[in-house]
Amino acid sequence: MVADERACLVLPEGYPDLHVAPFLCAGLIGYRALRMAGDAPNLGIYGFGAAAHIVVQVAVHRGQKVFGFTRQGDVAGQEFARKMGASWAGSTDQMPPEELDAAIIFAPAGELVPIALRHVRKGGTVVCGGIHMSDIPSFPYSLLWGERVLRSVANLTHADGVEFLRLAPEIGIRTEVEMHPLREANEALSRLRAGQVHGAAVISIAG
């Protein structure tokens, strides 16, 4: 296969293929979302899956305090968030112990938008990091008022990729992966939708 070198990225050395694979989707779009959230001292992350478990390590390295939000009753997911570096983890129906300066929503659930806006201070930013999201329900203007910013992330730049892939080995970012052979792709997607994957689901097409 031939590719234009201007669109290619150099993968960091020292990572097995299965563990570097999440960098190329979850890691890159997560890093873009983190940049859009700005230098927020208190950062909330909603949906603690493939992107979040990478981004939290970058945020902690930058000196940010991360608050992780999972589905109600997902104790294992909250423990995973703390394991990966979150200072606090709870369910989306809980108020964080401190007001957030910014929030990133990775879960494709539109109902999280007004919740995140409620948790973010005036002047703060809420970033929607998913490609697809369910409809956002109506919410009072007071949640947006106060110069809060609501934005989406659709694409990343080549510079984002170069910067993140250079930074990953410097920080020592580790990825938690669940490998599935290609014949189990549908099962992997079902586990992903059900929130049963801690970290990233990776499809192996070899062997």
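**Ground rules.** I worked on a predicted model, where local features need pLDDT of at least 70, side-chain atom pairs count only at pLDDT 80 or more, and totals for chains, interfaces and linings use all residues. Residues are numbered from 1 along each chain as its sequence is written, and side-chain values use heavy atoms, with hydrogens and water left out.

**Sheet.** I looked up the strand order (strands are DSSP runs of E, at least two residues, numbered from the N terminus). I found an open sheet of 6 strands, ordered β3-β2-β1-β4-β5-β6, with parallel pairing. Pairing takes at least two DSSP bridges between two strands. β3 (88-91) and β6 (149-152) are at the edges with a single partner strand each, so one side of each has no neighbour in the sheet. The twist averages 20 degrees from one strand to the next (angles run from 0 to 180 degrees between N-to-C directions, on axes fitted to C-alpha atoms, for helices over the stretch in contact).

**β4 and β5.** I then checked one pair. Strand β4 (residues 100-105) runs parallel to β5 (residues 120-128), and 5 bridges join them. Ala102 has Thr125 of β5 as its bridge partner.

**Helices.** I took helices as DSSP runs of H or I, at least four residues. Helix α3 (residues 50-61) lies across β1 (42-46) and β2 (65-70), at about 175 degrees to β1. Helix α4 (residues 75-83) packs on the sheet and touches β2 and β3 (contact: heavy atoms within 4.5 Å), at about 160 degrees to β3.

**Ile203.** I placed Ile203 in strand β8 (residues 200-204). Ile203 is partly exposed, at 35% relative accessible area (buried is under 20%, exposed over 50%, partly exposed in between; 1.4 Å probe, protein chains only).
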